[in-house]
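Colleague: Thanks for making time today. Could you walk me through this one?

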Amino acid sequence: MSELLYEIKDGIGTITLNRPERLNAFTHHMVDLWVEALQDARENDAVRVVVVTGAGRAFCSGGDVGNMASGSRAAMTGLQHKQWLEVVHRVPLTLETLDKPVIAALNGAAVGAGLDMALMCDLRFAAEGARFSEGYVKVGLIPGDGGTYFLPRLVGTAKALELFWTGDLIDAQEALRIGLVNRIYPPERLMPEVYELAGRLAAGPTVAIRTIKRAVYQGLRMDLRAHLDMISSHMAYVRQTEDHREGARAFVEKRPPQFKGR
């Protein structure tokens, strides 16, 4: 059975981390499949939204240490660890090129690199029993998968440092309170709620949704004047789309719009 499943249905590409017996700890092969799925989602017009989740009772427990050193159980040298991180870093670097919405459905624990992988997504929905931790410090390590980039942007510098320095587990309610996750649901409602939102986005005005995502992330690295100049250019482009024309007609005619994704 594949370590990662990728399915496209109704405009939604679902990536499922599929090593439940190892709490979906990822291997080199899983990362390869993950990147391939993200690249397809980026290029495939049949995919308008991406959902990432885990099989079984966890989202992801991080990297599988037992597989990091090419099957050896021995501890890795610094060079080996650097090479491993270069493999893992392909996930956030590929995600950075994906303008389509990406939603993490956190069905269970997301710890270490597994939490970092969730932080890379645009939205995070969590099951009520999910737990989260940046536990690197407890084994004398630092977050190597992008956590120090993404977490402060979500929860603020001070809270991020607290989570990094203590490595403490937090529950879903605390994650919601600090802004690490967007929403929490009973476990049986998590995937239906994720797919309800994913379906709404997939049926929405594709160009506008993708341009909003691009503008938000680019805006984090720009001053106000440069950002407003960029938005003016984006607006001129979006106003020429058929989806905008359909949205305007539907508003005047007081009916739901029927977007075509162009």
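Colleague: How many aromatic pairs does the structure hold?

Modeller: First, this is a predicted model, where local features need pLDDT of at least 70, side-chain atom pairs count only at pLDDT 80 or more, and totals for chains, interfaces and linings use all residues. Residues are numbered from 1 along each chain as its sequence is written, and side-chain values use heavy atoms, with hydrogens and water left out. Rings of Phe, Tyr and Trp (its six-membered ring) pair if their centres lie within 6.5 Å; planes under 30 degrees apart are stacked, over 60 edge-to-face, and the rest tilted. By that rule, the number of aromatic pairs is three.

Colleague: What is the angle between the planes of Tyr149 and Phe150?

Modeller: Their centres are 5.1 Å apart. The pair is edge-to-face, with the planes at 80°.

Colleague: Is Tyr149 buried, partly exposed or exposed?

Modeller: Buried means under 20% relative accessible area, exposed over 50%, and partly exposed in between (1.4 Å probe, protein chains only). Tyr149 has 35% relative accessibility, so this residue is partly exposed.

Colleague: Which residue has its charged end over the ring of Tyr149?

Modeller: A charge sits over a ring if NZ of Lys or CZ of Arg is within 6 Å of the ring centre and within 35 degrees of the ring normal. Here the charged end lies 3.6 Å from the centre of the Tyr149 ring, and it belongs to Arg153.

Colleague: Is Gly112 buried or exposed?

Modeller: Its relative accessible area is 14%. Gly112 is therefore buried.
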